[in-house]
Amino acid sequence: MFTFFIVGHCVCSMDNGAMDRHFLFSILFLQGLILCVCCESQPLQSAEVTNTQPYRGYSRQLSGINQDNPNFPSLEFPALRRGLVRRRRDWVIPPISISENDRGPYPKSVVQIRSSYAREVAISYQLVGPGADQPPEGLFTIEKRSGMLFVTKSLDREKTKEYKLTAHAIVVGTEGDRPAEAPMEITIKVLDQNDNHPTCTLGIFQGNVSEVASLGQPIVRIRAEDQDDPETENAMVRYKILRQDPAQPNAEMFSINEVSGLVSVASVGLDSETHQGYRLMVEAADMEGQGLKTTCTATISITDSNDHAPKFSHTTYTGSIRENVEGGVVVRLPVTDLDQALSPTSATTYAIVRGNENGLFKISTGPSKMEGIITSAKGLDFEQKRKHTLLVTVENEVPFAVPLSTSTATVIVEVEDVNEAPEFVPEQKLVKGAEDMSVGTVIAVYKAKDPDTAREQTVRYKMLSDQAGWLEVSQDSGLVRVRNAMDREDALVKDGKYTVIVLAYDNDLNPATGTGTLVIEMGDVNDNAPLVKERHVQFCSLDPVPVPLTILDADGPGNADPFTVQLTEGSQTNWTLITNSSSGVVSVRPRRQLPSEDYLVGLRVYDAHMLAQDSSLQAEVCQCSGAVTSCFHPLPRYVPDTASLSMAILGAVFVLLLLLLLLIFFIKRRKREKQEVLLPKEEVRDTLIFYNEEGGGEDDQEYDLSQLHRGLDNRPEVVCTDVVPTLMPALPYRLRPEENEEIGSFINDNLAAADGDPAAPPFDSLLVFDYEGAESICGSLSSLQSSSSDRDQDYEHLQHWGPHFRKLADMYGEGEDDDDDETLPGRKEWV
């Protein structure tokens, strides 16, 4: 038979007098029951563990740790047996309980572990697991030879609730530390003590509740946590309200559920207008309210509800407004509200429930939200109704939280009479009339009505705006007459209509004025002849393109087109008109090729009723062909006028007289010089002349240049027809040669510029060359047979060719040179 001793914390406590005898008897009965069960057969184990014996149980130990003492609590390993053994069941070792916060002394024995072979062989015990050889290391130790398990210091359940250790029994002296028993699992459970106070989960719990909340309405939940074992009373927290601040209207306005901590409304009388919030001090205690305690704080805000209706300060209000004023303030209606100021529960809205059927008034809320403002939506009429009675109600912007009565007020509005302006009926009147109406003709009767029927007033009229000054209005009757002749084609007439503004005013001390618009639709009269818009046109002298004409007529439709255009006398010779049959457009062009100059073309234009008017058109003929792009004219001849011609003649006469006097003076001087300097004989002076040099010989050589002009003098019928061409850009002539430049290059550059200059004379005209004079008495030089021998030539006839060839005859002739015997010829023979 196997023994199993059960010793727990409760048994040990009996030694201290904490348990009664009934509990002891129950333990003994349970021990006997377990011993009976242990007698049953066990299930088979593996080949390695063949013998398993049940724990021998716990035994009571009053003092000491002697393992031979059978009363100390001990655990025995199941025995290892060889071969297969039938097992009935495994034993479950109940946990060993150790109270936390035990004061010792330490180390303190907990339980003794025994092997069934301890009496046969030497056994060594080992303990492994958290708290032994694992962190926290050294908390539990075991004596190797005796198997006594110790705890070394106080335990804390809030850190570790239980420890799971493994005990090993090793046969001493065996190779490889052969186990004597199978490992034993030991569970050590830490028993809780009430060593933690409850802790509030929030520093301050906040809640809101309406002032009209019903009884029992939940507000906020208070919660406190306890770190002790929640399955024991050590963590069972209970709540209660210690204090309410303020304690008004009573000290029990709120209640709290002691288990859940839910705070609810417990009494009526919450009013945000008097107390906007409360502060509660709540106690939380464990051990179902009998253990450790802590205090939590809760604040409860009382939210305002619309539980007060706004009220008018008075039941009747009186206001006034002048007639015809739109948007004017009639009266202000102040109200009071006991709800929280400047909140939606006190903000007001207004309505006119009676007396505003025609929509003459409107009511709005003032900026303070605590007054209603009645204004006129339309202009009131004193003559129609002098007093209005309105019924006004006031409510809040948000609905009432509880049933409340609505406040009403009666408003009496008095209309003040003012002098109203006369009114034209209609305000704008359209009348018709011809533009040729005679002065004094009545166009319309335009009267205004005075709306002030309660006043006896007279209405008078005058013209306020008449830009053309064509009309006038009668001061008393409102008759509108023609004052001056009207013209439909005037610039002030728009679309055939002329507008004037008539003023009406009464005879009040402060006269009121009204205006009316009179529109005169003028009938057209054919009083304007057509004319040609163009004043200047251009044509080419060759193949001219016709130019269309634009015809204008200020008259309206029916009195204008179709138009007829004719050329006046004097213009038909050079010009012609072309009319397009489909469009009616009239064009003008030259009838023949005309010289390039300006012409005046006369035109006569008829309208549909044959009302005509002459127009003149300046036509410019350009030197071009086809359509005119750029207009060119040849240089015109200068034709002096009479005054210029007279001055020119006088100037010419004066110059001729001056030249005549100079000529007479020069002739007399020449005669005197000839008489004094007369050479005795003709002297021929031969000089070699280089014609490629500047100059031509000696300074004393003189030539009669008048011989060069003898041709023109002998040909008076030749007339110069040079014409300067049209002005063109000047060509770049060079004024002077550059430094160190050859004169030939300078001359060639200017010659090339002159060849390309169409404005350089001579122009495109008949060129007249100088006349050479009469036939020379000298024979042709071709008679000199230069190819023959000098001996075959006769040079004697050269003696008759003049002094220029006489030297040649002497040089080549047979005679002797007689220069020493002859006298030099005179100067006139040289020429």
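Biologist: Which residues form one aromatic cluster with F312?

Modeller: This is a predicted model, where local features need pLDDT of at least 70, side-chain atom pairs count only at pLDDT 80 or more, and totals for chains, interfaces and linings use all residues. Residues are numbered from 1 along each chain as its sequence is written, and side-chain values use heavy atoms, leaving out hydrogens and water. Rings of Phe, Tyr and Trp (its six-membered ring) pair if their centres lie within 6.5 Å; planes under 30 degrees apart are stacked, over 60 edge-to-face, and the rest tilted. The cluster's members besides F312 are Y317 and Y350.

Biologist: How many aromatic pairs are there, and why is the pair of F312 and Y350 given its class?

Modeller: By this rule there are nine aromatic pairs. The ring centres of F312 and Y350 are 6.2 Å apart and their planes meet at 45 degrees, so the pair is tilted.

Biologist: Are F312 and Y350 buried or exposed?

Modeller: Buried means under 20% relative accessible area, exposed over 50%, and partly exposed in between (1.4 Å probe, protein chains only). Both F312 and Y350 are buried.

Biologist: Which residue forms a salt bridge with D102?

Modeller: A salt bridge needs a side-chain nitrogen of Lys or Arg within 4 Å of a carboxyl oxygen of Asp or Glu. D102 is partly exposed, with a relative accessible area of 24%. Its closest N and O atoms are 2.7 Å apart in the bridge to K108.
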